Amino acid sequence: CWWRCPVLPCAWPSTRPSLPTSQVVWLPEPRQSHRFQVLSVATDGKVLLWQGVGAGRLQLTEGFALVIQQLPRSTKLRKPPRGETEVGTTAVAFSSFDPSLFVLGTEGGFPVKCSLTAEEAALTRMPSSVPLRAPAQFTFSPHGGPIYSVSCSPFHRNLFLSAGTDGHVHLYSMLQAQPLISLQLSYKYLFAVRWSPVRPLVFAAASGEGDVQLFDLQKSSQKPTVSIKQTEDGSPVYCLEFNSQQTQLLAAGDAKGTVKVWQLSTEFTEQGPRETEDLDQLAAEVAT
């Protein structure tokens, strides 16, 4: 179905990412109820914070740049092409517990823990109408290719998921570089991963082989509990989202241009006994 709705286009300032924007996310509204904030990440390494200022305009208020020289020294990177110093950012997720803390996925395959409160100037010559700061605080062990999606746990401040072109989902703790769990879910790309808003140990992943896979870590940390065939011809599933209000619904979109809404059983919507404790125990494990 096509829906016609009024759209108020916002005028972007002259400073824009020079390469494609990978993702945009809404930030919690400022105190002024008529304002809004949007954060964008792009493959030129810029992370930009925009604010609505009325009359259909967006104002660039803060900027960050992920720069190789300012990443923690433990980060092992291949030599960048053409002498470039910026690291392309491909995905972003904010902590549910700290509004200034966010995780970036990168073209290099490694997630980066970052902060909006960073003060150090970024060592970059990229043009910008606002000063660019270096947000990186910690880097994690990489995937075997670019990351397409990251998702922070709504139930534990230290846990997040990442998925990418190597077909793996990694479960990380913010406190250590190595993933707690690494799962190969596809022999093709994984395009999205999302944590359940109601089950601490449940997440979903969108596969390049046409599947939506649901995991319950209370049952298994090695294989999906349910694999839903989204596309009959195996064409990729590109995106998915849980419904935080009607928690039995999960929407997924695929390469055919189709959006399907799946109704989940109570198995995936009702929290089990000791589930929060099991998540705490998982977060306390030390990666080997």
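The model is predicted, so local features are reported only at pLDDT of at least 70 and side-chain atom pairs only at pLDDT 80 or more, while totals for chains, interfaces and linings use all residues. Residues are numbered from 1 along each chain as its sequence is written, and side-chain values use heavy atoms, with hydrogens and water left out.

Thr106 belongs to strand β6, residues 101-106; strands (E, at least two residues) and helices (H or I, at least four) are DSSP runs numbered from the N terminus. With a relative accessibility of 0%, Thr106 counts as buried. Here buried means under 20% relative accessible area, exposed means over 50%, and partly exposed lies in between, using a 1.4 Å probe and protein chains only. Beyond its neighbours within four places in sequence, Thr106 is in contact (heavy atoms within 4.5 Å) with several residues, including Leu66, Val87, Pro146 and Ile147.

Further along, Arg274 sits in the loop between β20 (259-263) and α1 (275-284). Arg274 is exposed, because its relative accessibility is 52%. Its phi is near 60 degrees, a positive value in a residue other than glycine.

Which residues of α1 are buried? They are Glu275, Leu279, Leu282 and Ala283. These residues lie on the same side of α1 because they cover an arc of only 100 degrees around the axis, the arc being that of the directions from the helix axis to the C-beta atoms. On the other side of α1, Gln281 and Ala284 are exposed. The buried residues of α1 pack against β11 (159-164), β12 (168-173), β13 (181-184) and β14 (190-195).
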